Amino acid sequence: MSRRLTVAAAQLGPIARDESRTRVVGRLIDLLRQAKARGAGFVVFPELALTTFFPRWGLAEPDEVDAFFEREMPGPQTAPLFAAASELGLGFALGYAELVTDAEGRARHFNTAILVEPDGRISGKYRKIHLPGHREVEDWRPFQHLEKRYFEPGDLGFPVFDTMGGKLGMLICNDRRWPEAFRMLGLQGVELVTIGYNTPQHYPLVPEQDHLQQFHNRLVLQAGAYQNGTWVVGVAKCGVEEGCMLIGESCIVAPTGEVVALCSTLEDEICVATCDLDRCQSIKANIFDFKAHRMPGEYGLLTRR
C-alpha cells in the first residue's frame with residue numbers, strides 16, 4: 001500500500017517591518033484553511049515566516065534585534081497557529097528566528113525550522129547551518145545581508161524525523177545550495193525535505209547573475225531531490241519586501257527531479273501535490289543506490305579542511 005502525503009507549499013508575499021505577529025499569524029492561518037480545502041495534510045511555510053527579513057538592516061540595539069526572535073514556541077502570539085492547525089488536522093513546518101538561553105546564561109540566536117504534528121506537538125527541529133552574507137555593515141550595498149551577524153550556525157546537525165508517515169528532513173534557504181546538506185539527509189533515508197527561503201533577486205557581489213536567481217533556485221531543488229531520491233518542498237517569502245525584491249517560484253519536486261507543483265505569483269499562495277513517499281525507492285534502489293554505487297573511501301577532500 002503506497003504512503004501518500006498531500007502537501008501544500010504555503011508561499012508568503014512580503015511582510016512589512018511594522019506588520020504585527022498577530023496579523024502575520026492570521027495570514028498563515030488563512031493559508032492553512034486554503035490548504036485544508038484542497039486536501040492537504042501537511043503545510044510548509046517559508047524561512048523566517050513570522051517577520052520581515054530583518055538581516056537586510058544594520059540594527060544597533062540588541063533589543064531591536066531580539067524583537068524579531070521567538071523566545072518560546074508556541075508563544076502567546078503563535079499559539080493561534082497551532083490551535084488552528086490542530087482544529088484542521090494539519091501538520092506543518094515553520095521557519096522563524098529562535099532565541100534561547102543556554103546553561104551558562106548566554107543568549108543564542110538561530111535561524112530555525114520546526115515540524116509540528118496535527119495534534120500540535122513539535123516533533124522535529126533544525127537550525128540553519130550554512131549562513132550566507134556578511135557580519136559587518138557594508139555601506140556600499142543597496143541592502144545588507146547580515147545573517148552572520150544576527151545568527152550563529154546551527155548546532156543540531158542534519159536530523160531526519162519519522163513523522164507524517166515517512167522520513168522528513170529540513171533545510172533552510174542557503175543550505176539548499178550545498179549538496180553536502182542534501183546528502184546528509186539522503187544518507188539517513190530522507191523521503192521529503194522542506195526548504196523555506198528568503199532570496200533576493202539582486203546579488204550585489206555578482207549582479208550579472210541576477211537574471212539566473214530563479215533558475216539556480218530550481219536547479220538545486222531538483223538536483224537535491226533526484227540525487228537523493230526524495231521529495232523536496234521549496235517555499236518562498238517573496239515579492240517587494242521593504243524595497244527588496246525576493247524571488248518566488250515556490251514548488252514541489254518529485255524524487256525524479258520533476259517539478260510537480262509551482263506557485264505563479266509573488267503573493268500569499270499555495271500549491272499542492274500528493275506525494276507518494278514510496279516513489280522514492282525507484283531512485284534509492286537503482287541509479288542512486290548508495291550501498292551499491294557510492295565510493296566514500298574516495299571522498300576524503302569533502303571533510304579535509
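Visitor: How many bridges join E1 to E14, and do the two strands run parallel or antiparallel?

Guide: A word on the source comes before the answer. This is a predicted model, in which local features need pLDDT of at least 70 and side-chain atom pairs count only at pLDDT 80 or more, whereas totals for chains, interfaces and linings use all residues. Residues are numbered from 1 along each chain as its sequence is written, and side-chain values use heavy atoms, with hydrogens and water left out.

Guide: Helices (H or I, at least four residues) and strands (E, at least two) are DSSP runs numbered from the N terminus, and two strands pair if DSSP finds at least two bridges between them. Here eight bridges join E1 to E14, and the two strands run antiparallel. Leu5, for instance, stands opposite Cys275 in E14.

Visitor: In what order do the strands of the open sheet lie, and which are the edge strands?

Guide: The open sheet has six strands in the order E5-E4-E3-E2-E1-E14, with mixed pairing. Its edge strands are E5 (122-127) and E14 (269-276), each of which pairs on one side only. Neighbouring strands are turned by 30° against each other on average, direction ignored; axes are lines fitted to C-alpha atoms, for helices over the stretch in contact, and angles run from 0 to 180 degrees between N-to-C directions.

Visitor: In which sense do E1 and E2 pair, and which helices pack on the sheet?

Guide: E1 (residues 4-11) and E2 (residues 42-44) pair in the parallel sense over three bridges. The bridge partner of Val7 in E2 is Phe42. Helix H1 (residues 21-37) packs on the sheet and touches E1, E2, E3 (91-101) and E14, its direction making about 45° with that of E14. Helix H3 (residues 79-88) also packs on the sheet, touching E3, E4 (107-116) and E5, and its direction makes about 155° with that of E3. Contact here means heavy atoms within 4.5 Å.

Visitor: How many residues of E14 and of E8 are buried?

Guide: Burial is read from relative accessible area: buried means under 20%, exposed over 50%, and partly exposed in between (1.4 Å probe, protein chains only). In E14, seven of the eight residues are buried. In E8 (residues 192-197), six of the six residues are buried. Leu192, Thr194 and Gly196 point one way from E8, while Val193, Ile195 and Tyr197 point the other way. E8 pairs with E7 (residues 166-172) in the parallel sense over five bridges, and Ile172 stands opposite Gly196.

Visitor: Is Lys128 buried or exposed, and what does its side chain contact?

Guide: Lys128 counts as buried because its relative accessibility is 0%. The residue is placed in the loop between E5 and helix H4 (147-150). A polar contact is a pair of N or O atoms within 3.5 Å; within protein, one must be able to donate a hydrogen and the other to accept it, and residues adjacent in sequence count only if both atoms are side-chain atoms. The side chain of Lys128 makes such a contact with the side chain of Glu147 (2.8 Å). Leaving aside neighbours within four places in sequence, Lys128 is in contact with residues including Glu47, Asn111, Glu152, Cys173 and Asp175.

Visitor: Where does the backbone have a positive phi or a cis peptide bond?

Guide: Most residues other than glycine have a negative phi, and most peptide bonds are trans. Cys173 has a positive phi near 45°. Cys173 lies in the loop between E7 and helix H5 (179-186) and is buried, with a relative accessible area of 6%. Glu249 has a positive phi near 55°. Glu249 is found in the loop between E11 (244-246) and E12 (251-253) and is partly exposed, at 22%. The peptide bond from Met73 to Pro74 is cis, with omega near 0°, and Pro74 is found in the loop between helix H2 (62-66) and H3.

Visitor: How many helices and strands does the chain have, and what is its radius of gyration?

Guide: The chain has eight helices and 14 strands. Its radius of gyration is 19 Å, close to the 19 Å that the globule rule gives for 305 residues, so the chain is as compact as a globular protein of that length. The radius is taken over C-alpha atoms, and the rule is 2.2 Å times the number of residues to the power 0.38. Of the 305 residues, 54% count as buried.
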